[in-house]
Amino acid sequence: MEFSGISHYGSSVVNGGSDLMIYNESGEIFANDNGLEQFSEPYATDNEFIESQTILADGGDRFGVSAISFDLEEELLWMGNQGGHVTSYFGTAAQKYTSFQVHASEEVRHILTGEAGILALTSSSLRGQIRRGLPLFTHCSENMVEMQCMLQTSPTSLLMGGHQDKIIQFDLAQGIETGLIDVGENGCAILRQHPRYVCAGDPSGRITLRDPNSLSVEHVLETHSGSLSDFDVHGNLLLSCGFTNRQGTLSVDRFLMVYDLRMMRLVNPIPVVLDPLLLRFMPSFTSRVAVVSSLGQLQLADTVSLSTPNLSLYQVNTAGSLCLSLDMSSSCQCLAIGDSGGYIHVFTPTNSENPMINTYSRETEFADQIDLPPSLSIKDETASLAAIPLPYSPHGGKLLSDWPAQCLNNVYRPTPPIDPDILRSMKMQGTIGYAPNPMTRRRNQVLYESNMDLKRRNGLVNGGSSSSGDGRQKGNGEDSGFIAIPKRYRKTEVKYTRMGMDDFDFDIYNNTSFCGLEASLPNSYCNAMLQILYFLEPIRCILLSHICQREFCLSCELGFLFHMLDKSHGFPCQAANFQRAFRTVPEAYALGLLLSDQNPESKSNLIRLIQSWNRFILHQMHYELLEVKKQQNEILKEKQQKKLQGAQPPFVYNEQEFPSISNPVISSNVQWRLQQSTSTEAGSSTDVMVVQQTADTPLTNGATPLQPSSAHDAPFDVTRDKENEDDTTEISRLLGSKQVHTHRCLKCGRQVSKESVMLLCNLVYPEAKEGVQYTFGQILGQSLCPEQVTPAWCDSCDRFQPTKQSRGLKQLPHILSINCNLDNPKDKAFWQTQTDLIVKKMIDKNGGETNSLNQPQSSPTKACRYGSSCTRPNCRFRHPGQSQDKETAQNKSNANSQFYSTCSWLPLSICMERLSNGAVRAYSLNDPSEKPIETAEEVVQSSNYDLFAVLCHVNDDRKNLISLINVGSGYHSRLGGASLSSWYLFNDFCITQVNAQEAIWFSLDWKVPCVLFWISRDLPKELIPTVSNPLTAEVFSEDNSLARNNGARKMITFTPLTPDEIAAPGELVAMDAEFVTLNQEESELRSDGKVSTVKPSHKSVARITCIRGQGPKEGTPFIDDYISTQEQVVDYLTKFSGIKPGDLDANFSSKHLTTLKSTYQKLRFLVDNGVKFVGHGLKNDFRVINLVVPPEQVVDTVLLFHLPNHRLISLRFLAWHFLGMKIQSVTHDSIEDARAALQLYKKYKEIDSQGNLKETLIDLYRVGNQHQWKVPGVDD
């Protein structure tokens, strides 16, 4: 029988025949056909161990288990197979722990475990791994040939032996070989550790005992005459098993040789009933040894003579496979055998419920548990099956979704194209190009495209039509991943530094005199609409003159914001106070207009969002102005009644007396009900209406009220108001279009009508039909006056009946606001189809000639410097392999693209005509062919409109909203420019002048129109009111504390201004403000190790203090307001602000608590009066307060005491150096800081008058550097 699978021997070692033994329960041994042997006394058998686990190891179907070892540190069992793979199993339950490959083809011959990890030895390499599977090192050398065993003699020393004449000494700490020991030509197949010796056995049957330090030979034991198969050492005993040379052949020796290492002599051998191949001492029992044969028999033998030997014999279920490896755990509670069939057999004691590998094991580190995806019902048709992760396919396994091999081709990932903006601005220096970073890609991220995308963009693959259909350069493929979005349309990223935004240069983004808006605050998506409202001159004048007593009034905040835009002169403003009030409006939250961190702009449908915001803000302005108007009327009416009848009860606000715009009051004498169908027209479902009904309302069919219908001679009713109140405001007079809604029962003819005022129109698109062309005017007319048939309740029929619902106009608006409703692919396709038809019509009109557009017709003669690797879309240079037909098609595509940029479906000017039947027809004034044919209906009202503003959605990586506005001449003249109108693109703080054609040019794959504003040329002058400042000195008299704590009144720390103390222009007011943090700063660690601010912290003003700067009460505060806030404060900054939790809460505060609006009005009044503010770091204070103060009205001590190119000095150090004051010792106090700033300013004027300012500042910096800018006694 050959033992080539036995790892201790080479292929030349064989043995002779062996008998197969079978055992029965009585102790008899049945031999082969040669006969039966019977012992004199039967052996007593008891099952001490049982085979508890049989494990098919990794790769067991192809490789046998060549090495096995129990971990000495943790509850792990390690296995190495003949394919170079190592696997570990946790506990006696054999749960797989780690699995990894240590060699590509060589078998694992020995495994050692240590504190740091494991060592796995193959025939030519040594691999170190940690237990979690990560490799530590791999060692190979020319000395490692047919390695077989290893032994760790110290924490850093290792011995390795094999079928060669050298034992290798290896240093584990340094990973190098430190020595070679000659062992003779027989080599070293087995190494075992003894306290006094290093035992080395060779295949010839000799065991050499060597000194552990010098490794010199101390003793030699001749164990077996044939060969040595295995030996083990425990205590003073050495046991070996092997082969005997009988008559020139090798046969298995059925005796275990026992040597006493104290006397160095052979003692009585131990007979066994099997052919021993492997053996291990059982450490807990010095007299027991486990012996395994190659065929799977296991015997537990005693090393001492017993009068009645106890035979512990077991048959391992190897299914005919040879046993190759054996190991015993340190606790003697587990025994493992590995066979050539790839199985591991684990034996544990029968009387132990929880066997352990080690008596004291350290805790094993496991991988974090992966959260499983939620279960899905198989009946759920809406479930996303793609969200279920698939398991890893087994080796050679196939999935049903796998493509066949003939359909696959391995390709390399293509190089991403270079941004066209870079190529256009690149300056070549030799072979290196330099260009500014256009900021079109995310930091540290690269977008890859497929080879097909690159070929299509280079014009090497035909795809799609020759014209892009959207006016931009896309090559010949519609599927190109490249979108050439101009830089002025992209969202600009602000670079924040430790100085915040002070170091950011806004001037490079705005060369105009107009002011942009910063986009660092939440819900800044509405910046584009805020700019449109500001440049609407009537709305601007109305809101600048508006003021009311509501704390959170959006109209008031818009007026304050518009005042900032007027006074800022090109520097960007921040709509912080408007956003603060906007977040408190319940309707905004209910409509989903407030974005959060969980629902940012990048995840929202910005088209639908901004259209809802447009509808909301028009409704909100109308409601707020209407409420103020009604309150004023009630006050006036009350005063008149007092004069006539004496004192009357005070006015009590009743919500029912002020109906909202969207809920019109229906007269009680008209009883009609209509079923609200889900299929109602988009215009009527989203229009904002103000009910205004009269008895003489004309109907769409020409009938008059209270007369029978011409169809069925049935009466119909016209709803009236319960009270004839005037519900019109400046907003409804500007943007409102009076409409008549008619509901007519198609069965009985009963007809009900009502009047309303619509502030906004939603475009409704018909079903697109191939080849049918619609004008924009036709779509607008159908959207303003829609008709539909829907089931509704009829009082006459007393049931639901088909009802015709129609709408007709009674008056055209002066300003027309339109939502384009292009938030779905169907409507986008309709708009694109109409644009394509116009371009086709223009091309046909020119006879297909494009010379008028100056398009090159001849092929380019200059070769492209990038050759076939060019990735630029529609490169105008010649490329290798480009055909003449391809060049001609490319030139034609470029010509068609020019048509898309010059022809637009949206006209710049339209004419709207209201007919006698209430219908509206509109047509373009730029195209005479659109003028409709005269009909029998008389034109009652006609008005010409010019496009004023377009709000567009930019579908880039970072979604954006921009506005294109035709800025009127009044805005230019107020800023000192020429009195003319011009188009500008407003992209937050980036403002660019554009031509009118760009405003109506759209590329629907990235530039989508959302909101349109048209202004009538017949806008009455009286609708543009004169701007008047609504703030007077009365703002100082309306000074009430919101704190409900009675002790708050005793804590008043200021003396209000008297009427004769109202600050005059030029007078000094010392000011300081304290802030709290609403949102923390967000930062990221860049690849160079520096921290970059992604989003700055969001702060809110918490305390404002103003102090008299002259007069008998100089230094006495007249404003010391704590600002109430309803938002969550994440950091009160108590160390720097002095604000404590509860100071801003009306229920607990003991301070003088007011609203931000109240204090803001006081500061705004002081600014408008021309006072000079003195303070330290006022630029940041005014920025957070959201107040624009002219530079000539600001005296900042941080700039007065400052040398160019030197650091800014704190107020605390300045007060100590010049005034001898130690302020801010424990916390900050705004009154103390404001007084210190006022005294420093007076000190500055004193120094400046003496003429030694420069020497004083130099001495200041000298002292500051000497003290490291710390105040002695305070900072220490």
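These notebook entries record what I looked up in the structure above.

**Basis**

I worked from a predicted model, in which local features need pLDDT of at least 70, side-chain atom pairs count only at pLDDT 80 or more, and totals for chains, interfaces and linings use all residues. I number residues from 1 along each chain as its sequence is written, and side-chain values use heavy atoms, with hydrogens and water left out.

**Entry 1: nonpolar cores**

I looked up the cores, a nonpolar core being a set of buried Ala, Val, Leu, Ile, Met, Phe, Trp, Tyr and Cys residues joined through side-chain atoms within 4.5 Å. For burial I used relative accessible area: buried is under 20%, exposed is over 50%, and partly exposed lies in between (1.4 Å probe, protein chains only). The largest nonpolar core holds 149 residues. Those with the most contacts inside it are Tyr525, Trp613, Leu780, Met912, Phe1013, Trp1014 and Phe1173. Helix H8 (residues 606-645) contributes the most to this core, with 11 residues. Helices (H or I, at least four residues) and strands (E, at least two) are DSSP runs, numbered from the N terminus. At least three residues of this core come from each of domain 2 (494-595 + 605-627 + 732-840 + 907-928 + 936-1027) and domain 3 (1033-1267); the domain bounds come from an automatic or database domain assignment. I noted another core apart from this one, of 31 residues, including Leu1211, Phe1213, Ala1215 and Tyr1261.

**Entry 2: salt bridges**

Side chains of opposite charge can pair when their charged atoms come close. I counted a salt bridge where a side-chain nitrogen of Lys or Arg is within 4 Å of a carboxyl oxygen of Asp or Glu. By this rule the count is 42.

I then examined Arg288 and Glu48, whose side chains form a salt bridge at 3.2 Å, N to O. Arg288 lies in strand E28 (residues 285-293) and Glu48 in the loop between strand E3 (36-37) and strand E4 (49-56), so this pair ties together parts 240 residues apart in sequence. Arg288 is buried at 12% relative accessible area, whereas Glu48 is partly exposed at 24%.

The side chains of Asp275 and Arg254 also form a salt bridge, at 3.0 Å, N to O. This pair links distant parts of the chain, 21 residues apart: Asp275 is in the loop between strand E26 (270-271) and strand E27 (276-282), and Arg254 is in the loop between strand E23 (249-252) and strand E24 (255-260). I recorded Asp275 as buried at 12% relative accessibility and Arg254 as partly exposed at 27%.

Within helix H4 (residues 537-544), Arg540 and Glu537 lie three residues apart, about one turn of the helix. Their side chains meet in a salt bridge at 3.3 Å, N to O. Arg540 is buried at 5% relative accessibility, and Glu537 is partly exposed at 22%. I also found one network, in which salt bridges that share partners join Arg192, Asp230, Asp232, Arg280 and Asp327.

**Entry 3: Asn819**

Is Asn819 buried or exposed? Asn819 is buried, with a relative accessible area of 0%, and its place is in strand E43 (residues 815-819). I looked up its polar contacts, meaning pairs of N or O atoms within 3.5 Å; within protein, one must be able to donate a hydrogen and the other to accept it, and residues adjacent in sequence count only if both atoms are side-chain atoms. The Asn819 side chain reaches the backbone oxygen of Gln611 at 3.3 Å. The Asn819 side chain also makes a polar contact with the side chain of Asn762, at 3.3 Å. Leaving aside neighbours within four places in sequence, the residues in contact with Asn819 (heavy atoms within 4.5 Å) include Asn614, Arg615, Leu760, Cys1010 and Val1011.

**Entry 4: strand E18**

In a regular strand the side chains alternate between the two faces of the sheet. From strand E18 (residues 198-201), Val198 and Ala200 point one way and Cys199 and Gly201 the other, and all are buried. I took two strands as paired if DSSP finds at least two bridges between them. Strand E17 (residues 190-193) runs antiparallel to E18, joined by four bridges, and Gln193 stands opposite Val198. E18 and strand E19 (residues 206-210) are likewise antiparallel, with four bridges, and Val198 stands opposite Arg210. In the hairpin of E18 and E19, with four residues between the strands, Gly205 takes a positive phi near 100 degrees.
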